[in-house]
Amino acid sequence: MQYEEKAGKLGGSGYDWQARGMLPPSLTTAHMSANHDNGEAEIPKEYIIKRQALDCLVETLRSLVNWSQQGIAEVTNADPNVRASEDIRDSLDPSGNDSSSRITNGDTPIPPSTPVIDDDPEQLEKEKQRKTAVSNAIKQFNFKPKRGLKLLLSEKIIPSNSPEDIAHFLLGEDRLDKAQIGEFLGEGDEEHIAIMHAFVDSMDFTKRRFVDALRQFLQSFRLPGEAQKIDRFMLKFANRYVTGNPNAFANADTAYILSYSVVMLNTDLHSKNVVRRMTPEDFIKNNRGINDNANLPDEYLTGIYDEIAKDEIVLKSEREEAAAKGALPQASGGIAAGLGQALATVGRDLQREAYTKHAEEISLRSEQLFKSLYRKERKNAANAGNSRFIPATSFKHVGPMFDVVWMSFFSGLSGQMQNAHNIEIIKLCMEGMKLAVRISCLFDLETPREAFVSALKNATNLNNPNDMMAKNVEALKNLLEIAQTEGNLLKGSWRDILMCVSQLDRLQLISEGVDEGSIPDVSKARIVAPSRQDTNSSRKSGQSQRPLRARPRSTSANTTYSMEIAMESRSDEVIKAVDRIFTNTANLNGDAIVHFVRALTEVSWDEIKISGSNESPRTYSLQKLVEISYYNMTRVRFEWTNIWSVLGEHFNRVGCHNNTAVVFFALDSLRQLSMRFMEIEELPGFKFQKDFLKPFEHVMSNSNVVAVKDMALRCLIQMIQARGENIRSGWRTMFGVFTVAAREPYESIVNLAFENVNQVYKTRFGVVISQGAFADLIVCLTEFSKNMRFQKKGLQAMETLKSIIPKMLKTPECPLSHKSIANSDGSTKSTEPLSKQPSRTTQEEAFWFPVLFAFHDVLMTGEDLEVRSNALNYLFESIIRYGGDFPTDFWDILWRQLLYPIFMVLKSKSEMSNVLNHEELSVWLSTTMIQALRNMITLFTHYFESLEYMLDRYMDLLAMCICQENDTIARIGSNCLQQLILQNVTKFQPEHWSKIVGAFVELFERTTAYQLFSAATGSGANGAEALSPLEDAPEDEKSLKINGSNGTATSETDSINDDEAKTPTAAPNELEDYRPSSGLQQQPVVVTAARRRFFNKIITRCVLQLLMIETVNELFSNDAVYAQIPSPELLRLMGLLKKSFLFAKKFNENKELRMRLWREGFMKQPPNLLKQESGSAATYVSILLRMYHDEGEERKRNRNDTEAALVPLCADIIRGFTLLEEESQQRNIIAWRPVVVDVMEGYTNFPREGFEKYIEIC
């Protein structure tokens, strides 16, 4: 570099073009330099070495490329089934072969074509993986020995967990940390001690001097610092040494003490922290009498002292590491030394000397490294005995080799490429980069590929057009060449290349005079904070609403772009290279085109995001997306599905951008693509049309700009008009778009959508059915019906839905059509009746259910009253008119999903209050509820034979209505119950009557106010009775032998003697019993809201019980009903009235409970059940008297049961009535008088023997 800079300065104008980014000057003598006589112009040796190193790097890469290409070509030619595109892709451009000539150089030696048997890449890869596993396990051991040992055992690096195998590995593996070995072996548990003993036993100290043996011992690990651990090591060493040398000492204790003493001597002599060091005499003195009370020779001990003093016992690995890290001695300090050093540096090139010094250090370390490797290789060869070199002949070695060294190549090439100004060096670096990219692509090395491509992208400097030079243009050309030659293998690196292409287009526009400010740099899209315009918000900005104008031209006179660079960026070579990138996408394989499209969509979105707020945003990459779609139109559908999954998502985002110019361009491009796709026939069962039309639906749903919605609709309308015959699965998406439009608040959008849906229905209904879009059409019309803003369109949509049914049944494509020549499964139409054809339920669900559900949906969710009313009428009219052919299974579906859900709102009070407010509830009751219930009864009556099995469901539904707290709903349910029975009374069989009476049993049970006996505070005893039906009410539901009251005459009198007609102030004598004993006036009672709701619930039950009594009276007094119901069922029904009578009687008799309820605020006056008691008795007596006097055979057979149930109660009524006081119980008399009259008239009509039999009872 220094040489190049000097040469540039001395060369004057000859090198000025490189620094200014100009093209090379012409080869004339005028540009030649005459400074060759200067001695400093000689080429330095460092420059020559650097240049040769650069040449070697490139040549190495070229060799690797040639090797890999030849190997891949041989494999491909040997196996014709192997696709070359999977491993290597030839140039897509025939004119680009000049690059391959540079890559494949004949000077590179060609390896043998056939690999030798020993060169098995797979086996070598396995060995490499094993080495890697061993290396990782060793690293783990050096960090955590116990954890590392587990990993070594799990990877089978150590054969077993026996102490011998573990010790053998620890002793033989040089990469293990000696300090960690010492700590591991020094542990005091039995397992570690056993391993330590095996470790020491693996060493052979036979016929070795004591100090040499100790050195050998201490070279295998580093002694830990803990005394107990050292003691265990020394004991085992002494034992092992004496075992190998039995005549050396008197016993093992001598070896033990001496070894300890030598270790202490070594520390004392060589530690920097020791001030007074041990002398030979001290050492001899310390070892007196250690040899079994005898002394070792002084000469022997002095020899040991001298040896340790001369040669410290230290680990060889630590010694070598210290030598490798050794530095030159530091200069002595002081002012004089500093001054002398300063004077010595005058006139010296300090930078050069520092470089030389650093180079010498590197050389020294490299030499030591090679010597160490050589020694290790010789040691391994001596151990193996048969070690040999295996030549690498398989091209598969290239990938792993390059994966290891690519960073060195990258740093060497990228640094020179960035800093150099010599065009030849730059070209050489860029050629090396291309070769590196080639290798990375061939062997799918993602990180190297991205690094080299990114380096070339940065080298183009397109984001700083003012600073572009010739070398940047050269980098751009190389990048475009890589795009053409490596397209199938670039994968994620396509983004860098396409980003450069986008920036190149920006440079061309700027060089043509367009203002730079109007074309933001797309590379800054990901670092600029997103603004409101950059989001997916569909708000239309003020700028986007103005008419588009051309990009402003640059008026600045300070443009510093090099004209040569600008002209080169617009040269034919560059333009054609860019065009070839896009046109040749048709030759990319299936995976590569997806990577290309994904990268192009990312660049396109960056362009739109960075320029979206401009009046004329950049759509260069968006246009290219459309272009490549045309180029790849002939691809198979499988590949297009993957492509469109990326493209469709991009169109979804762009279509919802705030800038309408971008949206309009995207929609129009999408329309053109769709028209082209629809020219290709879609086979049955495929759904590609449905998928590529989805962006229209997304835009319609998420955009708030009316103009955008209008354009999306008009694009679809044009497609229908131009390609309607070719639309297949696309109908479903189109109806999805129209469905979204149907919900819009804009009249123009709704009208436009409805007109075209109606047109499709009239002209292409059969095609819609055949393509499985019938349900989508129905949903679309349903949404039009529910748009309350435009009632007229809603009513028209309802009429269209109604007209679909007859048209559906006449359309040949519909399986339900009588004109259909084939069933839905493709078989010939059967001549059997429709109800007997197989799979009819599926056909009904496919065609009948969508239409009927549309009416149901409008009925339940529509807001316009007239539309909702029409939906209700059309629903039941359609079912009544066409339901004769419905199979039983389909009737079940209609009940579960259409009919019963209409009344689901009644299931809970909270749900009703959530769905409807008071005003809406009134309207719903007066329109939907009443009419729906009546239609349900009409439907049941019309299809009684088909629906009779649903009678219990109908009864449950009516019971749910009757048990509502809302009086209107309850009376509607009661009325409909009567109508159901009256309209079908002649059709009912005994099993039907059993279900009906069972429903009444349930109704009476649910409306009995048992809580009356537990509502008052402190009524625990009575409350227990209220939890279940009255225990003291004698009954036999089969025979109904009612014996009346079992109490005394007084109790019988009290059962009728009630004071309901009088207020507490009307009878002073009785009022005194109700007042508090203190004589204080009754204080007003405060009733909480929760308790008031509880009281109201009880009162509602009492009212509903009266309603049920009235219903039974009206219904079973009817001659037709009375004539049809079997006597046992009628008597069972009378048992309900009896229970109701006894319940009311018991409550009325309990004056204390009634007064307590009144005091607690239950009602404004003491509660009573007089109406329930007298009403149930009246109905009971009336029906039983009629049964008693009925001369029909069926009634005669049950007369005894009737008589047993009737007479005792009638007698009780008469006795109780006679005991009433006319003055104080006038209201009771008025209530019971009609009942008594009925009883007396009934008695008078008894036959003589019957009258005489019961006259005494009365």
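**Close-up views of a predicted model**

**View 1. Packing of helices H6 and H7.** Helix H6 (residues 121–143) packs against helix H7 (residues 145–154) at an angle of about 155 degrees, with their axes 6 Å apart, where helices are DSSP runs (H or I) of at least four residues, numbered from the N terminus, and axes are lines fitted to C-alpha atoms over the stretch in contact, with angles running from 0 to 180 degrees between N-to-C directions. H6 is therefore roughly antiparallel to H7, a label given to angles over 145 degrees, whereas those under 35 degrees count as roughly parallel. The crossing of H6 and H7 is left-handed, meaning that the near helix is turned anticlockwise from the far one by less than a right angle, with clockwise giving a right-handed crossing. The model is predicted, so that local features need pLDDT of at least 70 and side-chain atom pairs count only at pLDDT 80 or more, while totals for chains, interfaces and linings use all residues. Residues are numbered from 1 along each chain as its sequence is written, and side-chain values use heavy atoms, with hydrogens and water left out.

**View 2. Packing of helices H29 and H32.** The axes of H29 (residues 637–655) and H32 (residues 694–702) come within 9 Å and cross at roughly 25 degrees. This makes H29 roughly parallel to H32, and the crossing of the two is right-handed.

**View 3. Salt bridges of Arg-618.** Arg-618 forms a salt bridge with Asp-505, the closest N and O atoms being 2.9 Å apart; a salt bridge is a side-chain nitrogen of Lys or Arg within 4 Å of a carboxyl oxygen of Asp or Glu. Because Arg-618 lies in the loop between helix H27 (590–611) and helix H28 (620–631) and Asp-505 in helix H23 (residues 494–511), the pair ties together parts that are 113 residues apart in sequence. Arg-618 also forms a salt bridge with Glu-607, for which the closest N and O atoms are 3.8 Å apart. With a relative accessible area of 2%, Arg-618 counts as buried, as does Glu-607 at 0%, buried meaning under 20%, exposed over 50% and partly exposed in between (1.4 Å probe, protein chains only).

**View 4. The salt bridge between Arg-764 and Glu-725.** In this pair the closest N and O atoms are 2.9 Å apart, and the bridge links Arg-764 in helix H35 (residues 747–770) with Glu-725 in the loop between helix H33 (706–723) and helix H34 (730–742), 39 residues apart. Arg-764 is buried, with a relative accessible area of 17%, whereas Glu-725 is exposed at 57%.

Technical notes: Angles under 35 degrees count as roughly parallel, over 145 as roughly antiparallel, 65 to 115 as roughly perpendicular and the rest as oblique.
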